[in-house]
Amino acid sequence: MSADGSGVPGADAFTRPYWEAAAAGRLLIRRCRDCGRAHHYPREFCPHCWSAEVAWEEASGRAVLYTWSTVHRNDLPPFGGRTPYVAAVVDLAEGPRMMTELVGCAGEDAVAGMALRVTFRDGVPVFAPGR
Ligand SMILES: [Zn+2]
């Protein structure tokens with residue numbers, strides 16, 4: 001429980017800019033001012049050099065497919081109503097590797113290295129084929 005009584009824990013307050021941007025159709029990543037490397041998921045400290053000089057940055061939304069797996073069954077809501085879906089790991093153009101979902105492409109049609117573009121579904125970034 002946070003001090004303002006909203007019930008939002010610290011981690012959620014930290015990632016709030018990320019989700020607000022996603023709701024507006026923008027993908028944010030974090031970039032370190034010390035070593036210059038970007039990372040995802042958002043962390044308060046740079047995972048490469050442990051600097052705290054890390055800032056939000058809007059990503060290009062371009063990525064390439066690294067690996068993926070078609071999920072046929074998932075009892076956890078909201079996934080149950082969406083099976084099958086394609087869980088994917090993509091490499092963002094800025095460098096970070098991101099766990100996401102592949103849309104607009106069946107798992108058997110996916111190819112490693114294929115160009116993807118971010119799109120948003122219910123405020124959550126997912127990736128579809130495209131440059
Ligand atoms: Zn760094």
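User: Hi! Which residues have the most contacts inside the largest nonpolar core?

Analyst: Hello! In this predicted model, Ala-88, Val-90, Leu-92 and Phe-127 have the most contacts inside that core, which has 16 residues.

User: And which strands supply at least two residues each?

Analyst: Strands E1, E4 (62–71), E5 (85–92), E6 (97–102) and E7 (115–121) each do. E5 gives the most, with four residues.

User: Which domains does the core draw on?

Analyst: At least three of its residues come from domain 1 (10–58), and at least three from domain 2 (62–129).

User: Back to Ala-88. What is Ala-88 in contact with, leaving aside neighbours within four places in sequence?

Analyst: Its contacts are then Leu-65, Trp-68, Thr-100, Glu-101, Leu-102 and Phe-127.

User: Okay, new topic. How many helices and strands does the protein chain have?

Analyst: There is one helix, along with eight strands. Going from the N terminus, the order is α-β-β-β-β-β-β-β-β.

User: What order do the strands take in the open sheet of three?

Analyst: The order is E2-E1-E3, with antiparallel pairing.

User: How many bridges join E1 and E3?

Analyst: Five bridges, with E1 covering residues 28–32. As an example, Arg-31 has Ala-55 in E3 as its bridge partner.

User: Last one: what share of the protein chain is buried?

Analyst: Buried residues account for 21% of the 131 residues.

How values were computed
Residues are numbered from 1 along each chain as its sequence is written. This is a predicted model: local features need pLDDT of at least 70, side-chain atom pairs count only at pLDDT 80 or more; totals for chains, interfaces and linings use all residues. Two strands pair if DSSP finds at least two bridges between them. A residue is buried if 20 or more other C-beta atoms lie within 10 Å of its own, exposed if 12 or fewer, and partly exposed in between; C-beta atoms are placed from the backbone. A nonpolar core is a set of buried Ala, Val, Leu, Ile, Met, Phe, Trp, Tyr and Cys residues joined through C-beta atoms within 7 Å. Domain bounds come from an automatic or database domain assignment. Two residues are in contact if their C-beta atoms, placed from the backbone, lie within 7 Å.
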